[in-house]
Amino acid sequence: MGRAAERVYTDPASIRQLESLVRELPANGHVVLLLKDGSSCDGVVVTRPNVQLFRDADEREGINATVKLERPDVPAWSRQVWLDQIARVEHVDSIMASEN
């Protein structure tokens with residue numbers, strides 16, 4: 001993917017929001033992501049995301065992150081989602097209770 005992102009964040013409130021979403025996306029958790037554009041997608045979180053430094057098109061450096069989802073019932077399907085595009089996370093299973 002590289003280190004390019006459409007949007008990057010430097011303000012503390014936005015970074016806290018991204019970090020909060022990271023905590024809601026445990027590895028192997030089955031989730032439904034409700035996106036800001038009104039769409040949704042569901043799948044199993046491959047690995048818990050990490051906020052990282054990226055550069056936007058204007059070469060500004062800031063924070064963002066992605067999460068990769070897969071579906072065990074559709075082996076060829078996967079989707080990478082930018083965390084800043086997630087409006088809400090719904091948990092389909094109870095994996096949150098077992099991961100620290």
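Leaving aside neighbours within four places in sequence, Leu25 is in contact with Val31, Leu33, Val45, Arg48, Pro49, Val67, Leu83, Ile86 and Val89, where contact means heavy atoms within 4.5 Å. The model is predicted, so local features need pLDDT of at least 70 and side-chain atom pairs count only at pLDDT 80 or more, while totals for chains, interfaces and linings use all residues. Residues are numbered from 1 along each chain as its sequence is written, and side-chain values use heavy atoms, with hydrogens and water left out.

Leu25 lies in the loop between H1 and S1. Helices (H or I, at least four residues) and strands (E, at least two) are DSSP runs, numbered from the N terminus. Leu25 counts as buried because its relative accessibility is 0%. Buried means under 20% relative accessible area, exposed means over 50%, and partly exposed lies in between (1.4 Å probe, protein chains only). The C-alpha atoms of Leu25 and Arg3 are separated by 21 Å, and the two residues are 22 residues apart along the chain.

Leu33 is found in strand S1. Its relative accessibility is also 0%, so Leu33 counts as buried. With neighbours within four places in sequence left aside, the residues in contact with Leu33 include Leu25, Cys41, Val67, Leu69, Val81, Ile86 and Val89. Ser39, Ser40 and Arg88 are also among the contacts of Leu33. Leu33 and Ile86 are 53 residues apart in sequence, but their C-alpha atoms are 6.4 Å apart in space.

Both leucines belong to the largest nonpolar core, which has 19 residues. A nonpolar core is a set of buried Ala, Val, Leu, Ile, Met, Phe, Trp, Tyr and Cys residues joined through side-chain atoms within 4.5 Å. The members that touch the most other members are Leu25, Leu33, Val67, Leu83 and Ile86. Two or more residues of this core come from each of helix H1 (12-23), S1, S2, strand S5 (66-71) and S7. H1 gives the largest share, four residues. In soluble globular proteins, nonpolar side chains tend to be buried together.

The protein chain has one helix and seven strands. Along the sequence, these elements follow the pattern α-β-β-β-β-β-β-β. Five of the strands form an open sheet in the order S6-S5-S2-S1-S7, and the pairing is antiparallel. Two strands pair if DSSP finds at least two bridges between them. Strand S6 (74-82) and strand S7 (86-91) are the edge strands, and each pairs on one side only. From one strand to the next, the twist averages 40°; axes are lines fitted to C-alpha atoms, for helices over the stretch in contact, and angles run from 0 to 180 degrees between N-to-C directions.

Within this sheet, five bridges join strand S1 (residues 30-35) to strand S2 (residues 40-45) in the antiparallel sense. Val32 stands opposite Asp42 in S2. Strand S3 (residues 52-55) and strand S4 (residues 61-64) also run antiparallel, and four bridges join them. In this pair, Gln52 stands opposite Asn64, and Phe54 has Gly62 as its bridge partner.

The hairpin of S3 and S4 has five residues between the strands. Glu59 is found in this loop. Phi of Glu59 is near 70°, a positive value in a residue other than glycine. Glu59 is exposed, because its relative accessible area is 52%. A positive phi of about 70° is also found at Asn28, which is not a glycine. Asn28 has its place in the loop between H1 and S1. With a relative accessible area of 53%, Asn28 is exposed.

The C-alpha trace spans about 40 × 30 × 25 Å along its principal axes. Buried residues make up 33% of the 100 residues. Among contacts between residues at least 6 apart in sequence, 60% join residues at least 24 apart. The protein chain exposes about 6,000 Å², of which carbon and sulfur atoms supply 48%. Accessible areas come from the Shrake-Rupley method with a 1.4 Å probe, and for residues only the protein chains shown count as cover.
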